[in-house]
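Hi,

Here is the structure I said I'd pass on.

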Amino acid sequence: MKKMKSEVKIGVFGVLSVFLLYWGISFLKGTNIFSTTDTYYAYYEKVNGIQRSAPVSINGFTVGRVEQIEYLEQEGRMRFSLRIRSKYSIPVDSKVQVFSGSLLSGKQMEIDLGTSPKMLQDGQTIASEYTPGALETGRSEFEEIKAKVYSAIDEFNTTMRSVSALLDSANLASIRGTLANVNSISGNLNSVVADGKGDIQALIRNLNTISRNLAEASPRINSMASRLDAFSDTLATMPLGALVENAERTMASLNTTIARLESSDGTAGLLLTNPDLYNELTESSRNLNLLLEDLRTNPKRYVSFSLFGRKDKDKDKNKAPEKEPETETQK
């Protein structure tokens, strides 16, 4: 009887030890065997570095673990089983994303809670997305930099090959000839500069003089600028509208005058439009000129006077009258 009691004690102790060991391992994994949990599923094209028992958190607080990772051959993607404690409700529009916790902790999963009042039920699927970590971002940037470095090295090698092809014997002779020509041109330029040194110095003196003159004339230039500004302000304040209106009235009056001149109502219009009136006036002017010319050459025909009184007048009466020349009008 005593022997049976010892065996029972040993059995109970062993069971308790196994239970405590399982509970300890589960506790270290973040699983509380005394609390209820719900299972949600998330799908990814690849594992993305996630391991089983990776923590699942909300706002940085661990609420569960990755219980299982399966490859669905027919769908060609991975299914992650997320075991979350039941007391944490997850809206249906929530998303789970993979991120790098730190260099030592590896990849983790975090649930970004949505705002829907409807909650996910046990066994439903939660939307998933992937956020590249710092290491992956750095790795991709490093790959880009490496590709650019390789491309630069290839271009440098191509350039060096081109330079080597240029530096053959024939090209070297051409380069030496070109350098000799450059040296000759440089010598000619030096001689030209030496010969024209005096002219260059005179030019510099003239430039200095012009600069001083400009500096001395600066106040006058500023005064002119001020006057131009004042003139511009005066133009801006002038009643341009009234001036334009007066110009329009003047143009209208001028157009009316020209219309009257072109019509045959007035004297000026008749003179411009009636050729007969013009010819008559021309004929009258010519006859008047002939009359004045005859008056100048024969004034006695039109004006008679005597310094000696009546006697001369009587003598003139006794004289036969001279025949007057016919004028153009009498003819």
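This is a predicted model: local features need pLDDT of at least 70, side-chain atom pairs count only at pLDDT 80 or more; totals for chains, interfaces and linings use all residues.

Numbering starts from 1 along each chain as its sequence is written, and side-chain values use heavy atoms, with hydrogens and water left out.

Strand β1 covers residues 37–44; strands here are DSSP E runs of at least two residues, numbered from the N terminus. Of its 8 residues, 6 are buried, meaning under 20% relative accessible area with a 1.4 Å probe, protein chains only. β1 runs antiparallel to β4 (residues 77–85), with 8 bridges joining them; DSSP has to find at least two bridges for strands to pair. Within that pairing, A42 sits opposite F80 of β4.

T39 is also in β1, and it counts as buried because its relative accessibility is 16%. Beyond neighbours within four places in sequence, T39 is in contact (heavy atoms within 4.5 Å) with E67, S81, L82, D122, G123 and Q124.

Now the loops. S53, between β1 and β2 (55–58), has a positive phi of about 70° without being a glycine. N59 is in the loop between β2 and β3 (61–72), and its phi is positive as well, near 55°, again in a non-glycine residue. S53 is partly exposed at 27% relative accessibility, whereas N59 is exposed at 69%; exposed means over 50%, and partly exposed lies between that and the buried cut-off.

Cheers

Note on methods: Helices (H or I, at least four residues) and strands (E, at least two) are DSSP runs, numbered from the N terminus.
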